[in-house]
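Here is a short tour of one model, written to be read alongside the sequence and the 3D view. Please keep both open as you go.

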Amino acid sequence: MLTVREKIAYGLGDTASNIIFQTVMMFLLIFYTDVVGISPALVGTMFLVVRLFDAITDPLMGALADRTKTRFGQFRPYLLWLAVPFGIISIMAFTTPDFTGNGKIIYAFATYTLLMMAYTAINIPYSALGGVLTANPSERVSVQTYRFVLGMLGGLIVAAGTLPLVEYFGNGDQAKGYQLTMVAMSLLGVVMFLLCFSGTKERVSVPEGQKTSFIEDLKSLWQNDQWRILCLAGLFLLTGQVLRATLAIYYVKYVLDLEDQITLFMTLGMVGSILGCAFAQSLAKIVCKIKAYISLQLIAAFICVISYFVPKDQVATAFALFFLWSFFLQMATPLLWAKMADTIDYGHWKTGVRITGMVYSAVVFFIKLGVAFGGAFAGWLLAYYGYQADVEQTETAKEGILISFTVYPALGSILVAWVMRKYVLNKEKVEEIHLALNNKVSF
């Protein structure tokens, strides 16, 4: 059994990651369009192009992590090595240089690419670390519950603090405000990563004498059919989730016409996310994790669709529905990440090869691809419906923002529920796999 202290230490790593991840989801698009002055269509394309680059970096990082051997373990060292570089690059990405229009575009592409590379280099080992803290299936859900409660705390800090800090630091200069806000956020993130490094211990290791090539690892990975299901689920989930999260600011500012309530709206969503994650472990104890996950996705989709029909003067209803959507959607998140650890055991049982870093890196790639599609679709849809930065929007643009914030994200959750029908690693199957593995190797 892991101590609460170690679970909290592990969760602080996701607090640090989410300070950047949630800032990118919530504020990077509007920072590029309304502060830097880049067109939403170009930003959307940039999000997609840079994320496609992860198709190369993610599996390479996973393979590198699997082959790392230090006195600190396989995955923990990366938290120590990369915390400070990740913080510096995060500040660079939210810096507005005094360049020409094309110069700003090139700078945005370069710094966003560096940011995603740094996120890959630190987050894949961090994610894989969750799979080697314990081999106990119920403890894995508990670990992921702590992780995402604390991860959403990072999101809460971003939602509640970003715009007030931008105003405080910038004093009317948004470019300066965003830059100094990211300085503060990054310093906090560095401290959290270091606490995660110092407070955790790796306990599950690769089988003695396992030596495989990168190509052999890829072949073993492809044989894992349950991993392929989680990849598709992650892709569809994050496409819808990021589309909705990215457009939340536009929805409040232009559809509800409540620019001064953006922080409250985003904060309520993050509170809902934290509470949802906190309930995940209790839900997993009484309901099949697979059935629960599918049901939560369908509930989230229903809430999205209902939101489309809320009149703009029904502010309390709009806010409440965003809270409930965040609650039910994020209740499913720890269940998904616990399933990733189960698929590693499944792949080990099926192929005889344990590739923790590769499995996490591959799933994370599809999750990040979903983030890319969600961000790209947000930019493209804004451009398609005629959005113009920081002016009174046409009725067509407002309707486009509304349908893109409500109906389109629901499709993502529906597709996730459809894909997960084929997932078979329930509690009984996982226990059978562990019994078989324990007869061959010692955890």
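Leaving aside neighbours within four places in sequence, which residues is Tyr-112 in contact with? The residues touching Tyr-112 are Val-24, Leu-28, Tyr-32, Met-46, Phe-47, Val-50 and Arg-51, where contact means heavy atoms within 4.5 Å.

A word on the ground rules. This is a predicted model, in which local features need pLDDT of at least 70 and side-chain atom pairs count only at pLDDT 80 or more, while totals for chains, interfaces and linings use all residues. Residues are numbered from 1 along each chain as its sequence is written, and side-chain values use heavy atoms, with hydrogens and water left out.

Helices here are DSSP runs (H or I, at least four residues), numbered from the N terminus.

H9 spans residues 225-255 and packs against H15, residues 395-419, at an angle of about 160°, with the axes 8 Å apart. Axes are lines fitted to C-alpha atoms over the stretch in contact, and angles run from 0 to 180 degrees between N-to-C directions. H9 and H15 are therefore roughly antiparallel, a term for angles over 145 degrees. Their crossing is left-handed, as the near helix is turned anticlockwise from the far one by less than a right angle. The contact of H9 with H15 has 20 nonpolar, 4 polar and 2 charged residues. In this count, Ala, Val, Leu, Ile, Met, Phe, Trp, Tyr, Cys and Pro are nonpolar, Asp, Glu, Lys and Arg are charged, and the others, Gly among them, are polar.

H9 also meets H14, residues 356-384: the axes come within 7 Å and cross at roughly 35°. This crossing is right-handed, the clockwise case. The contact of H9 with H14 has 21 nonpolar, 6 polar and no charged residues.

**Inside and outside**

The table gives relative accessible area, with buried meaning under 20%, exposed over 50% and partly exposed in between (1.4 Å probe, protein chains only).

| Residue | Relative accessible area | Class |
|---|---|---|
| Val-158 | 0% | buried |
| Glu-6 | 6% | buried |
| Ala-389 | 36% | partly exposed |
| Asp-257 | 53% | exposed |
| Asn-171 | 72% | exposed |

Val-158 lies in H6 (residues 137-170). Beyond four places in sequence, Val-158 touches Asn-18, Ile-19, Gln-22, Thr-23, Met-26, Phe-27 and Met-185.

**Loops**

Most residues other than glycine have a negative phi. Asn-171, in the loop between H6 and H7, has a positive phi near 50°. Asp-257, in the loop between H9 and H10, has a positive phi near 60°. Ala-389 is found in the loop between H14 and H15 and touches Thr-33, Asp-34 and Tyr-254, not counting residues up to four places away in sequence.

How values were computed
Helix = DSSP H or I, 4+ residues; strand = E, 2+ residues; numbered from the N terminus. Parallel < 35°, antiparallel > 145°, perpendicular 65-115°, else oblique.
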